[in-house]
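Subject: Structure handover

Hello,

My notes on what turned up follow below it.

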Amino acid sequence: MDATPSTTPAAMLESSGARRVLDELDAELVGLAPVKSRIRDIAALLLIDRLREEQGLHSTAPSLHMCFTGNPGTGKTTVAMRMATVLRQLGYVRKGHLVAVTRDDLVGQFIGHTAPKTREIVKKAMGGVLFIDEAYYLYKPENERDYGQESIEILLQAMENQRDDLVVILAGYRDRMETFFGSNPGMASRIAHHIDFPDYSEAELMQVAQLMLATLNYRFDPAAAPAFGRYLSLRRRQPHFANARSVRNALDRIRLRHATRLFASGTAPSRDQLCTLQAEDVLASRVFQGAPADGVPEAAA
């Protein structure tokens, strides 16, 4: 006779606290519907596996190593942080912390330097998530004396032998990651989930801006909001645009101009004035004068 189920997956998600984290992800990150859906799918897989184990059914820890692809500023690091918390609350990893690194943190410049660097990072990430940004830079086939391959071999071993207590997330541009996997079949075979982060639309970028401003107790006045919409339309066509990251940098400069304007007035600003960004704070951007951002990222913000 089958054992009576002890609880539902939904109840387990609620009691673990993971539902709250997933709801926060929905609230804090604009758009990214396919990404959020995939994260919920992974949470469902872990919960069902736990229920199978309770029923005495065969259950093995799934491989959760991932690849996040997309342009800068699309939320990859933020989602990785939330993923680490969800995995801890669902009992997949012990600590649920995120260790974010790049090639420089893993690969040494001299013989015998790479292995200890990589092993130290892996040790630091155990019990949580190791997030490797621009992971394709680990492999430089054009340089015969490069030590990146040594780091990759150590990572592969850890991804296989410690996969019940370590999740590795590789991140970067999609085309470069595809080239990287084509040159490293061992790494490609260990990545179970490929998640692509789309660029934000202009409407979504405006939502991002409004959320950022609300967090800082600022707001656009009626004329500033459409002015910022025009700014976004122009800025997206220029080089070095980095989605939410560029929005944050643009808002920092708008706040700077707002502060300068209030200071120059020589009067005591009201609470409303301290919180309200005006169209002139936005329109002073060099983007409206056609100044290119090329060569100096965010210089035209």
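Ser246 is buried, at a relative accessible area of 1%. Here buried means under 20% relative accessible area, exposed means over 50%, and partly exposed is in between, using a 1.4 Å probe and protein chains only. Ser246 belongs to helix H12 (residues 243-265). Helices (H or I, at least four residues) and strands (E, at least two) are DSSP runs, numbered from the N terminus. The Ser246 side chain reaches the backbone nitrogen of Ala242 at 2.7 Å.

On sourcing: this is a predicted model, where local features need pLDDT of at least 70 and side-chain atom pairs count only at pLDDT 80 or more, while totals for chains, interfaces and linings use all residues. Residues are numbered from 1 along each chain as its sequence is written, and side-chain values use heavy atoms, with hydrogens and water left out.

Salt bridges

The whole structure holds ten salt bridges. The criterion is a side-chain nitrogen of Lys or Arg within 4 Å of a carboxyl oxygen of Asp or Glu. H12 takes part in this. Arg255 and Asp252 form a salt bridge at 3.3 Å, N to O. They sit three residues apart in helix H12, about one helical turn. Arg255 is partly exposed at 26% relative accessibility. Asp252 is partly exposed too, with a relative accessible area of 36%.

Arg261 bridges to Asp281, with the closest N and O atoms 2.8 Å apart. This pair links distant parts of the chain: Arg261 is in helix H12 and Asp281 in helix H14 (residues 279-283), 20 residues apart. Asp281 is buried, with a relative accessible area of 2%.

Asp196 pairs with Arg174, and their closest N and O atoms are 2.7 Å apart. Asp196 is in strand S5 and Arg174 in helix H8 (residues 174-183), so the bridge ties together parts 22 residues apart in sequence. Both ends are partly exposed: Asp196 at 30% relative accessibility, Arg174 at 44%. Asp23, Asp26 and Arg40 are linked in a network of salt bridges.

Cores and rings

The largest nonpolar core has 58 residues. Such a core is a set of buried Ala, Val, Leu, Ile, Met, Phe, Trp, Tyr and Cys residues joined through side-chain atoms within 4.5 Å. Phe68, Leu87, Phe220 and Phe228 have the most contacts inside it. Helix H3 (residues 33-54) gives the largest share of this core, seven residues. Apart from it lies another core, of 28 residues, with Val101, Leu106, Val122 and Met187 among them.

Phe220 touches Met206, Gln210, Leu213, Ala225, Phe228, Leu251, Leu277 and Val282, leaving out residues up to four places away in sequence. Contact means heavy atoms within 4.5 Å.

A search of the whole structure gives six aromatic pairs. Rings of Phe, Tyr and Trp (its six-membered ring) pair if their centres lie within 6.5 Å; planes under 30 degrees apart are stacked, over 60 edge-to-face, the rest tilted. Phe68 and Phe197 are a tilted pair, with centres 5.0 Å apart and planes at 50°. Phe68 is in strand S1 (residues 66-70) and Phe197 in strand S5 (residues 193-197), so the pair ties together parts 129 residues apart in sequence. Phe68 is buried at 0% relative accessibility, and Phe197 is buried at 2%. Ring pairs also link Phe220, Phe228, Tyr231 and Phe288 into a cluster.

Helix H2

H2 (residues 18-28) has these buried residues: Ala18, Val21, Leu22 and Leu25. Seen down the axis, they fall within an arc of 100°, so they line one face of the helix. The arc is that of the directions from the helix axis to the C-beta atoms. These buried residues pack against helix H1 (9-16), H3 and helix H4 (76-89).

Loops

Asp165 lies in the loop between helix H7 (148-161) and strand S4 (167-172). Asp165 is buried at 12% relative accessibility. Its side chain joins that of Arg94 in a polar contact of 2.8 Å. A polar contact is a pair of N or O atoms within 3.5 Å; within protein, one must be able to donate a hydrogen and the other to accept it, and residues adjacent in sequence count only if both atoms are side-chain atoms.

Glu134 is partly exposed, at 32%. Asn217 is exposed, at 57%.

Best wishes
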